[in-house]
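Work through the exercises below with the sequence and the model at hand. Each task is followed by a solution in steps.

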Amino acid sequence: MSASSSIVTMKKVVQQLRLEAGLNRVKVSQAAADLQQFCLQNAQQDPLLTGMSSSNNPFRPKAVCSFL
Amino acid sequence: MASEKAEIDALKKECDGLRTQIEAARKAVNDGSMTGASGGVASVGRVQLKLRKTLKGHLAKIYAMHWATDSKQMVSASQDGKLLVWDTHTGNKLVAVPLKSAWVMSVAFAPSGNLVASGGLDNICTVYNIKAASPKTLRELDAHTGYLSCCRFLSDSEILTASGDTTCCLWDLETGKQKVVFTNHIGDCMSLALSPDMNTFISGACDSLAKLWDVRDGTCKQTFSGHTSDINAIAFFHSGNAIITGSDDCACKMYDLRSDQEVINYQDTSLNAGVTSLALSSSGRLIFAGYDDFNCHIWDSLKGEKVGVLSGHDNRVSCTGVPEDGLGVCTGSWDSFLKLWN
């Protein structure tokens with residue numbers, strides 16, 4: 001790569017790093033608490049956690065009833 | 001030229017300085033671990049899901065699947081050269097779309113349910129109208145110079161693509177033209193996921209980095225490192241504040257967007273297989289990760305522990321998905337079958 005195109009590339013890298021360096025970061029303890037809270041608040045509505053009855057299970061093969 | 005060399009050296013110094021600054025800023029907010037904070041959270045116990053249905057119909061390796069927003073229909077793509085749209089409640093095939101190129105790597109369902117898109121080694125993202133009497137090609141999005149690894153619709157008029165040419169792209173489906181090109185990765189882009197509010201998206205690439213992008217202005221807002229190999233799978237946590245990645249380095253990681261760093265690593269010494277795909281349960285508590293070891297392992301996202309496994313495929317699990325209603329998990333495999341579990 002020529003020196004001038006290296007410079008162009010590096011300037012872009014610097015620009016990107018400046019953008020990322022300027023971020024306001026939240027404490028991990030706060031972030032962790034929020035993630036936990038989200039999971040726990042939604043746990044009761046998560047069918048893969050709570051399970052479901054076979055009548056509510058859309059993938060369960062339906063029993064076939066016939067009139068005798 | 002001496003002046004050019006001096007300029008390059010100055011820029012290198014500035015890069016190094018900025019990288020050190022970023023690492024210091026991340027460290028400064030790293031005041032506790034996620035797993036430590038989850039010590040008080042009740043365990044989910046052993047998660048044992050049952051195989052409910054095996055969908056048979058493809059004749060070769062399945063590479064991708066995507067749920068429709070109605071949580072009933074699902075589209076799968078196989079290198080047998082077909083897309084199949086399934087009614088997962090009955091197990092019936094609703095539509096078969098023959099592909100011009102059999103080397104498909106990705107498939108997506110539009111939120112409306114009217115369109116599906118696919119692409120692969122042909123470098124093209126083809127969009128089909130599946131509501132027509134027989135599937136009709138609506139658009140061929142042809143501008144990437146590398147394979148199409150992933151595609152996701154924002155609506156019937158916009159789609160995002162990720163490519164082996166290291167870029168992602170936002171397309172206007174009305175004109176068939178590129179609206180925004182996202183350049184910053186230095187390796188093939190393998191996967192992308194749209195944020196719940198659709199203002200940002202994340203991409204995972206072979207440069208082992210995950211990047212967060214602004215959909216509208218094309219800027220890369222954040223870069224997440226830590227993986228030591230290709231990132232094959234990526235997903236947003238439903239709150240929109242965290243992302244999960246899966247890699248060839250056999251680990252999954254959670255990165256928090258607001259802390260701008262990795263907060264948990266999901267890894268097990270007994271698991272020596274790359275992660276191919278991942279999906280989250282509706283609360284985000286469970287991570288379903290497909291691996292090269294033919295299984296889909298289930299992780300507790302908060303505690304970082306393995307809590308279950310979906311076993312049954314006879315080859316690599318290549319794709320995993322949980323529908324919007326959260327009522328099950330679908331796994332697709334190189335063994336040509338899709339399985340539904342809950």
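**Exercise 1. Count the aromatic pairs over all chains, and name a cluster.**

Step 1. Rings of Phe, Tyr and Trp (its six-membered ring) pair if their centres lie within 6.5 Å; planes under 30 degrees apart count as stacked, over 60 as edge-to-face and the rest as tilted.
Step 2. Searching the whole structure with this rule gives eight aromatic pairs over all chains.
Step 3. One aromatic cluster is made up of Phe182(B), Phe201(B) and Trp213(B).

The model is predicted: local features need pLDDT of at least 70, side-chain atom pairs count only at pLDDT 80 or more, and totals for chains, interfaces and linings use all residues. Residues are numbered from 1 along each chain as its sequence is written, chains are lettered from A and ligands numbered from 1 in the order in which they are written, and side-chain values use heavy atoms, with hydrogens and water left out.

**Exercise 2. Find which rings lie under Lys56(B) and Lys61(B).**

Step 1. The criterion is NZ of Lys or CZ of Arg within 6 Å of the ring centre and within 35 degrees of the ring normal.
Step 2. For Lys56(B) the ring is that of Phe337(B), with 5.6 Å to the ring centre.
Step 3. For Lys61(B) the ring is that of Trp334(B), and the charged end sits 4.0 Å from its centre.

**Exercise 3. Describe the extent of the interface between chain B and chain A.**

Step 1. With contact taken as heavy atoms within 4.5 Å, chain B gives 62 residues and chain A gives 43 residues.
Step 2. Buried area is the accessible area (1.4 Å probe) that two parts lose on being put together, summed over both. For these chains the value is about 4600 Å², with 68% of it on carbon and sulfur atoms.
Step 3. Arg52(B), Arg258(B) and Ser283(B) account for 13% of the area that chain B buries against chain A, more than any other three residues.

**Exercise 4. Locate salt bridges between the chains.**

Step 1. A salt bridge needs a side-chain nitrogen of Lys or Arg within 4 Å of a carboxyl oxygen of Asp or Glu.
Step 2. The structure has 14 salt bridges over all chains, and the rule finds four across the interface of chain B and chain A.
Step 3. Asp260(B) pairs in this way with Arg25(A), the closest N and O atoms being 2.9 Å apart.
Step 4. Glu7(B) forms a salt bridge with Lys11(A), where the closest N and O atoms are 3.4 Å apart.
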